[in-house]
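Please open the structure in your viewer and keep the sequence at hand. The tour goes from one selection to the next and says what is there.

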Amino acid sequence: MAFRPSLLRRSRFTAGALARGLIAAVLAAAIGWGGALYAANQSVQGAKKEDTGFDGDAPTAILMEASSGSVLFEKNADELRAPSSMMKLMTAEVVFNAIKKGDIKLTDEYRISENAWRRGGAPSGGSTMFAAINSKVSVDDLLHGAIIQSGNDACIALAEAMAGNERIFAADFMTKRARELGLTRSTFANSNGLPDPGNKMTVRELGILARHIILDFPEFYKLFGEKEFTWNKIRQPNRNPLLNSMEGADGLKTGYTKEGGYGMVGSAVQNGTRLIVVVNGLDDPEDRATEAKKMLEWGFRNFETRVLIAAEQPVGYAKVFGGESRSVKLMAKTPVKVMVHKNGSDKLIARIVYSGPVRAPVEAGQRVGVVKVWRSGAIAVETPVYAAEAIGTGSTMRRAIDGASELVIGMFRAGAEKL
């Protein structure tokens, strides 16, 4: 059920900001389904057992709803760990994106070098698609080998063909693309997740990456649900244990190294809702399967999707500097949705955060900031907000008044910081 929020109030600038600091605008409302949305003047992070009703055994974990990105549970979700073979999701995304842009084709054939064969093929003793040395394999088959069989040789062959060597691929392709996707903490040293101190990801960023692949590459995502693949006359099953043990499971990737422990990224759909789970750092492969399944089942059993703000519905105002109007109306282009407990007992906190004051002129549709919704102390969803109207440049007098006002605010804040 959608609700009509009240107007937003600016609470304060962040410390150290002057004319264009971070502004937190408070959004307060009553929700018709029985919960309540509360105003907040401080950030809230973390999730406790008593808040969520769930306490996972994995050292790091996250559970999110795919369409909105709403986080249902998190535990040490921003802790950097070795992602092991789960890192192959980044390699796959780079290839998917290159195909989408027309830079490469599925029918292109890449040579299996001696390096790819020795380090990732049959002699390596690790996960491999058993591609023959010096053979040529299509991009399509290499993707099947990398995703279904977790082939290290397939990943190395893709990296060498696209970038010349793995190090360049990791730096100039994987890291660059990760930053474009908003994965600010992930680092990569190779294409496959084999042990290297430079391979680090958080479960949150693995979940964001999985969500992006699911939503933006549906034609390729189906590969993650294929249960087996045969190459070089060797049939191998998909390593994802959820595919055969849980209704609606169709992805994504498992991983293990001594440094990272056992982990997996999983996804399943039930009754039209898709959830994504990421766990890492477990001591046993059965534990990761049990933990991932338990978390998904808990999410499907206890949560449902609610619309908090309808698409293009005004959600409040942002302060404008030097404009015809002193504020601009804000809206979300897509519905702001959040997964909530079915019993309606959630306490939600919402804030709109933007960098401002927003300098005039302001164009209609210009992105201004984000609306953040916390559920029981943890961020549940973030959705961009945009200017719902155009605001032209104000008079010289208006700009002078706004400038003087911001100067006084800046002086007051600087004095307060010295106390």
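This is a predicted model: local features need pLDDT of at least 70, side-chain atom pairs count only at pLDDT 80 or more; totals for chains, interfaces and linings use all residues.

**Stop 1: helix 5**

Select residues 152-163, which make up helix 5. The helix has 12 residues, and the distance from its first C-alpha to its last is 16 Å, close to the 16 Å expected at 1.5 Å a residue.

To colour the buried positions, pick Asn152, Asp153, Ala154, Cys155, Ile156, Ala157, Leu158, Ala159, Glu160, Met162 and Ala163.

Now show what these buried residues pack against: helix 2 (88-101), strand 7 (109-111), helix 3 (114-120), helix 4 (139-147) and helix 6 (166-180).

Move to glycine 164, which follows helix 5. Its phi is positive, near 105°.

**Stop 2: threonine 91**

Select threonine 91, which is placed in helix 2. With a relative accessibility of 2%, threonine 91 counts as buried, because the cut-off for that is under 20%. Leaving aside residues up to four places away in sequence, threonine 91 touches Cys155, Phe169, Met174 and Ser191. Cys155 is also one of the buried residues of helix 5.

**Stop 3: salt bridges**

Side chains of opposite charge can pair when their charged atoms come close. How many salt bridges does a search of the whole structure find? The search finds 15.

Begin with arginine 177 and glutamate 93, whose closest N and O atoms are 2.9 Å apart in a salt bridge. This pair links distant parts of the chain, with arginine 177 in helix 6 and glutamate 93 in helix 2, 84 residues apart. Arginine 177 is buried at a relative accessible area of 14%, and glutamate 93 is buried at 0% relative accessibility.

Next, select lysine 101 and aspartate 103. They form a salt bridge in which the closest N and O atoms are 3.7 Å apart. Are these two residues buried or exposed? Lysine 101 counts as exposed at 56% relative accessibility, and aspartate 103 counts as exposed at 52%.

Then select glutamate 166 and arginine 119, whose side chains meet in a salt bridge at 2.6 Å, N to O. Glutamate 166 is in helix 6 and arginine 119 in helix 3, so the pair ties together parts that are 47 residues apart in sequence. Glutamate 166 counts as buried at 9% relative accessibility, whereas arginine 119 counts as partly exposed at 35%.

**Stop 4: the largest pocket**

Rolling a probe the size of a water molecule over the atoms shows where empty space is left. The largest pocket has a volume of about 1,200 Å³. To find its centre, select Gly69, Ile208, Arg211, Val381 and Glu382, which lie nearest to it among the 37 lining residues.

Which elements each supply at least two residues of the lining? They are strand 5 (60-65), strand 6 (71-75), helix 7 (203-216), strand 20 (367-375) and strand 21 (378-387). Strand 21 gives the largest share, eight residues.

Colour the lining by residue type to finish: 16 of its residues are nonpolar, 10 polar and 11 charged.

Notes: Residues are numbered from 1 along each chain as its sequence is written. Side-chain values use heavy atoms; hydrogens and water are left out. Helices (H or I, at least four residues) and strands (E, at least two) are DSSP runs, numbered from the N terminus. The expected span of a helix is 1.5 Å times one less than its number of residues. Buried means under 20% relative accessible area, exposed over 50%, partly exposed in between (1.4 Å probe, protein chains only). Contact means heavy atoms within 4.5 Å. On a 1 Å grid over the protein atoms alone, a cavity is a set of points where a 1.4 Å probe fits but cannot get out, and a pocket is an open set with protein on both sides within 12 Å along at least five of seven lines; lining residues have an atom within 4 Å of a point. Grid points are joined across faces, edges and corners, and a volume is the space filled by probe spheres set on the points. Ala, Val, Leu, Ile, Met, Phe, Trp, Tyr, Cys and Pro count as nonpolar, Asp, Glu, Lys and Arg as charged, and the others, Gly among them, as polar. A salt bridge is a side-chain nitrogen of Lys or Arg within 4 Å of a carboxyl oxygen of Asp or Glu.
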